[in-house]
Amino acid sequence: MKIFKHLLLVTIVSLLAISCSNKCNCEKECCATETEVSDDLIYRYGITDKNHLSAASKRALKWPVKGNEWFIRFSEQYLKGDLAYEEGVVRRDPSAMIMNDGKYYVWYTKSTGPTQGFDGDVEKDKVFPWDRCDIWYATSKDGETWKEEGLAVPRGEKGAYDDRSVFTVEIMEHEGMYYLCYQTVKSPYSHRVKNQVGLAWASSPDGPWTKSKDPILSPADNGEWLAGKKNRFEVVNKGDFDSHKVHDPCIIPFKGKFLLYYKGERMGEEMYFGGREIRHGVAIADNPKGPYVKSPYNPISNSGHEICVWKYNDGIAALITTDGPEKNTIQWSPDGINFEIMSSIPSAPHAIGLNRTVDGEKDPTEVMRWGLTHEYVTGDYQCIKKFTSRRKERHGNFVDFAQ
Ligand code: AAL
């Protein structure tokens with residue numbers, strides 16, 4: 001497994017190297033030649049003969065030199081109180097945690113009852129565990145034992161853009177106001193239904209929440225389904241990377257703007273690097289409530305799944321999980337758009353809710369020292385869990401970060 005992870009990083013770096021050499025008529029124009037390589041680097045990588053560099057050594061010599069601070073590993077634990085697993089109940093996709101009045105706050109997707117799928121009557125059935133959901137919230141003094149406080153944002157009235165389900169929520173606190181952004185679906189929930197993003201705001205984390213009348217983000221409108229079919233794979237034109245669904249929204253205030261990161265799913269999605277065809281985009285606004293304009297640089301990641309982004313060192317860091325050739329990497333960008341790989345990790349918890357109550361500048365991964373995730377206890381029911389992370393500081397046993 002370790003070897004596989006290492007190979008993944010090597011592959012990624014070689015893809016970067018290929019893109020570099022493709023831009024040049026001759027590799028010598030933009031990439032280090034064998035004679036230009038410093039003896040320090042030859043020593044660092046233990047290279048036998050600098051006049052006989054294998055492809056692997058050439059790639060290694062192009063790696064930026066990095067410390068170990070971006071390389072972490074995760075483990076997971078169950079929670080107590082109302083967020084312990086409950087048969088018959090779906091609690092999943094936790095938001096980041098914030099602190100208010102000495103308590104951690106988290107928002108999440110909640111529903112009850114089993115999932116029937118798409119084979120029956122989608123007007124009546126529950127097609128996914130995240131169908132027919134509302135957004136609930138819970139608080140905790142220690143992050144271990146949680147009290148469910150109640151409903152935060154319900155589904156909309158019949159006919160509204162969010163009348164079927166509201167789910168996969170994130171919290172942003174800004175200048176004394178609280179903003180929840182979340183996925184929305186309008187009934188009927190078919191294979192081809194478009195998913196949008198809604199927003200709600202309040203002056204207290206306990207609400208009451210005011211919902212946006214319209215979605216703040218929608219899929220690109222340039223794909224075309226193949227007529228006469230119901231599935232999401234047959235298309236005349238796939239359109240942009242986000243032509244079907246905009247998911248996992250997360251808003252970060254950054255340098256006077258508001259960056260809305262999201263996962264794009266595409267009409268006619270294909271198998272891609274052995275997994276799903278998932279990419280990430282960003283939309284930018286001058287005001288927390290929008291309007292959000294998609295960046296012309298989208299997609300800003302060709303891998304990943306649930307969005308997990310945080311501010312670090314005057315830029316934005318991202319955990320890229322689950323899908324694509326760069327899965328299981330941590331990346332960083334100076335501008336929130338142009339991300340570079342900083343590390344590869346063995347695996348990552350699903351649907352991370354970061355700990356935004358700490359000083360994220362202390363360490364690149366401080367916001368992930370511990371946080372929330374979810375587990376599929378069964379296909380029907382999921383529960384929220386805690387994760388912790390640690391860095392391998394030396395050979396032998398792990399050293400845990402101080403909690
Ligand atoms: C998650 C997220 C979104 C999807 C579903 C619920 O992993 O990507 O939230 O809609 O699965």
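Colleague: How do the residues lining the second largest cavity divide into nonpolar, polar and charged?

Modeller: Seven are nonpolar, three are polar and none is charged. Keep in mind that this is a predicted model.

Colleague: Which residues line the second largest cavity?

Modeller: The lining consists of Y261, H280, I300, S301, I307, V309, A318, I320, Q331 and F339. The space inside is about 50 Å³.

Colleague: How many cavities of 30 Å³ or more does the whole structure have?

Modeller: Three. The largest cavity holds about 100 Å³.

Colleague: What lines the largest cavity?

Modeller: D93, P94, T168, V169, E170, D248, P249, C250, E306, I307, A351 and I352. That lining splits into seven nonpolar, one polar and four charged residues. Strands β8 (165–174) and β14 (245–254) each give it at least two residues.

Colleague: Which residues surround the ligand?

Modeller: R92, D93, W130, F167, T168, Q183, H247, D248, K263, H305 and E306. By class, the shell has two nonpolar, four polar and five charged residues.

Colleague: Which polar side-chain atoms lie by an oxygen atom of the ligand?

Modeller: D248 has one at 2.7 Å from a ligand oxygen. For H305 the distance is 3.4 Å. An N or O atom in the Q183 side chain is 3.0 Å from a ligand oxygen.

Colleague: How much of the ligand does the protein bury?

Modeller: 92% of the 280 Å² that the ligand exposes when taken alone.

Key: Residues are numbered from 1 along each chain as its sequence is written. This is a predicted model: local features need pLDDT of at least 70, side-chain atom pairs count only at pLDDT 80 or more; totals for chains, interfaces and linings use all residues. Side-chain values use heavy atoms; hydrogens and water are left out. On a 1 Å grid over the protein atoms alone, a cavity is a set of points where a 1.4 Å probe fits but cannot get out, and a pocket is an open set with protein on both sides within 12 Å along at least five of seven lines; lining residues have an atom within 4 Å of a point. Grid points are joined across faces, edges and corners, and a volume is the space filled by probe spheres set on the points. Helices (H or I, at least four residues) and strands (E, at least two) are DSSP runs, numbered from the N terminus. Ala, Val, Leu, Ile, Met, Phe, Trp, Tyr, Cys and Pro count as nonpolar, Asp, Glu, Lys and Arg as charged, and the others, Gly among them, as polar. A residue is near a molecule or strand if one of its heavy atoms lies within 4 Å of it. A polar contact is a pair of N or O atoms within 3.5 Å; within protein, one must be able to donate a hydrogen and the other to accept it, and residues adjacent in sequence count only if both atoms are side-chain atoms. Accessible areas come from the Shrake-Rupley method with a 1.4 Å probe; for residues, only the protein chains shown count as cover.
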